[in-house]
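Subject: Handing over the model

Hi,

As promised, here is the structure for you to look at.

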Amino acid sequence: MKFLVALLLSAVLAMGGSVIAAENKTEKPADPAAKTDAKAETKKDEAPAKAAVDPEKTIVKVNGKDIKEKTIAPEINARLEAQVQKMASMGWPMNDETRAMMREQMRDGVVDMLIEKQLIGETLKEKKIEVKDADVDARFDEMVKESGKTAEEVDAELAKMGVTKANIKEQIRLQAGIEKLFEADSSYKAISDEDAKKFYDENPKYFQQAEQVQASHILIKVDEKADEATKKAAKAKCEDLLKKVKAGGDFAALAKENSDCPSKERGGDLGLFGKGQMVPQFEQAAFAMKVGDVSDIVETQFGYHIIKLTDKKEAKTEGFADAKANIVKNLKNQNMGQFFNKLRQDLKDKAKLEWSAEEKARREAKEKEKQQQMEVPAMPAQPEK
């Protein structure tokens with residue numbers, strides 16, 4: 001299920017643990033390093049060149065309260081930057097055209113989220129439900145702890161996206177409020193041990209962990225269509241770096257200074273990955289290595305790689321005792337997601353929404369386009385025999 005800041009929190013805090021519900025799952029790319037060109041350099045997001053937008057323009061009134069462009073833009077920027085960083089960390093940098101497309105795709109969701117946020121806030125006040133500052137702080141601290149990052153690292157990640165702790169805590173407060181509304185609802189039922197065991201027994205695939213490896217790499221990028229002289233020079237550079245690594249050079253430092261993959265910012269670390277998630281040549285080399293090994297040069301369509309294996313996890317089945325806490329958490333979240341979907345629809349149905357003429361026209365045009373794309377052309381009539 002997707003609550004209001006699922007993307008931001010996952011990007012910033014990179015929460016771990018068993019995944020029961022796959023709705024928020026993000027697949028690793030099949031590329032150990034992404035194709036990129038001069039236009040694809042990851043840079044600070046800028047709005048595409050177009051007529052200036054009035055930040056004071058009201059986009060929609062919700063029960064008489066304005067939601068303005070100046071409130072919408074920062075939310076889109078934060079989510080876009082979170083997604084950009086998340087994709088770059090997996091080897092998928094984004095060019096300006098893709099950024100602009102994603103910005104447009106995110107707009108409706110962000111506006112809807114702001115409407116929901118206001119309506120839920122009104123509901124919490126009406127029902128006199130309060131979330132204490134201490135509870136919000138405790139949740140934030142717990143997320144930081146579970147992420148394995150230091151407070152300073154989280155602050156740095158937030159700063160990159162132009163997001164503050166206050167922004168995140170505001171969303172945590174809202175989600176905690178939704179939980180309180182859920183737990184106060186007549187439909188609420190706590191998840192029992194029997195419920196958790198039933199789920200575990202009926203869904204063994206969720207608890208079978210395939211073999212995984214963790215690797216770092218140095219990529220010297222070269223286009224497949226490059227001439228032989230260019231390829232030779234790139235390979236020579238990679239060979240020189242391999243000599244330095246095997247002579248005891250710091251792999252992470254050499255990756256940071258020389259690699260052409262965005263993973264260089266983490267010393268070349270690609271994290272854990274399973275079979276089928278990297279290009280064949282890279283995968284074959286990585287899974288054949290022992291922890292601590294450094295490969296010879298591996299050639300893929302992206303160029304030349306030096307791989308260092310840093311961890312290996314054998315295939316196993318997670319026991320119920322270890323899985324129980326996550327099962328209970330995810331089953332509760334699943335139920336809360338259903339409650340939240342109904343709640344927000346009920347609130348929207350009762351709310352008075354007054355859209356600006358431009359926003360109304362834009363949404364209607366998008367809906368019309370969506371309907372047209374869903375239409376299947378009728379088969380021509382068969383001629384009579």
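First, a word on naming: helices (H or I, at least four residues) and strands (E, at least two) are DSSP runs, numbered from the N terminus. Counted that way, the protein chain has 12 helices and 9 strands.

Please keep in mind that this is a predicted model, so to speak of a local feature I needed pLDDT of at least 70, side-chain atom pairs count only at pLDDT 80 or more, and totals for chains, interfaces and linings use all residues. Residues are numbered from 1 along each chain as its sequence is written, and side-chain values use heavy atoms, with hydrogens and water left out.

Now the overall picture. Of the 385 residues in the protein chain, 38% are buried; buried means under 20% relative accessible area, exposed means over 50%, and partly exposed is in between (1.4 Å probe, protein chains only). A contact means heavy atoms within 4.5 Å. Among contacts between residues at least 6 apart in sequence, 76% join residues at least 24 apart.

Have a look at the open sheet made by 3 strands in the order 2-1-9, with antiparallel pairing. Two strands pair if DSSP finds at least two bridges between them. The edges are strand 2 (65–68) and strand 9 (353–355), each of which pairs on one side only. From one strand to the next, the twist averages 20 degrees.

Strand 1 (residues 58–62) is joined to strand 2 by 4 bridges, and the two run antiparallel. Within that pairing, Lys61 stands opposite Asp66, and Val60 has Ile67 as its bridge partner. The two strands form a hairpin with 2 residues between them, and Asn63 in the turn has a positive phi of about 50 degrees. Strand 1 also pairs with strand 9, again in the antiparallel sense, over 3 bridges; there, Val62 has Leu353 as its bridge partner.

Helix 3 (residues 96–126) packs on this sheet and touches strand 1, strand 2 and strand 9, its direction making about 30 degrees with that of strand 1. For angles like this one, axes are lines fitted to C-alpha atoms, for helices over the stretch in contact, and angles run from 0 to 180 degrees between N-to-C directions.

Salt bridges

I call it a salt bridge when a side-chain nitrogen of Lys or Arg is within 4 Å of a carboxyl oxygen of Asp or Glu. By this rule the count comes to 30.

One to look at is Glu359 with Arg107, at 3.2 Å, N to O. This pair links distant parts of the chain, with Glu359 in helix 12 (residues 357–374) and Arg107 in helix 3, 252 residues apart. Glu359 is buried at 4% relative accessibility, and Arg107 is buried at 12%.

Glu359 also forms a salt bridge with Arg363, where the closest N and O atoms are 3.7 Å apart. Both of these residues lie in helix 12, 4 residues apart, about one turn of the helix. Arg363 counts as buried too, at 19% relative accessibility.

Elsewhere, Glu179 forms a salt bridge with Arg139, with the closest N and O atoms 2.9 Å apart. Glu179 lies in helix 6 (residues 165–184) and Arg139 in helix 4 (residues 133–147), so the pair ties together parts that are 40 residues apart in sequence. Glu179 is buried at 13%, while Arg139 is partly exposed at 28%.

Helix 11

How do helix 7 and helix 11 pack? Helix 7 (residues 193–202) and helix 11 (residues 320–350) meet at an angle of about 105 degrees, with their axes 9 Å apart. That makes them roughly perpendicular to each other, a label used for 65 to 115 degrees (under 35 is roughly parallel, over 145 roughly antiparallel, and the rest oblique). Among the residues making the contact are Phe199 and Tyr200 of helix 7 and Ile327 and Leu331 of helix 11.

Phe339 lies in helix 11 as well, and counts as buried at 14% relative accessibility. Phe339 touches Ile178, Leu181, Phe182 and Asp185, not counting residues up to four places away in sequence. Phe339 and Phe182 are 157 residues apart in sequence and 6.7 Å apart in space, C-alpha to C-alpha.

Cheers
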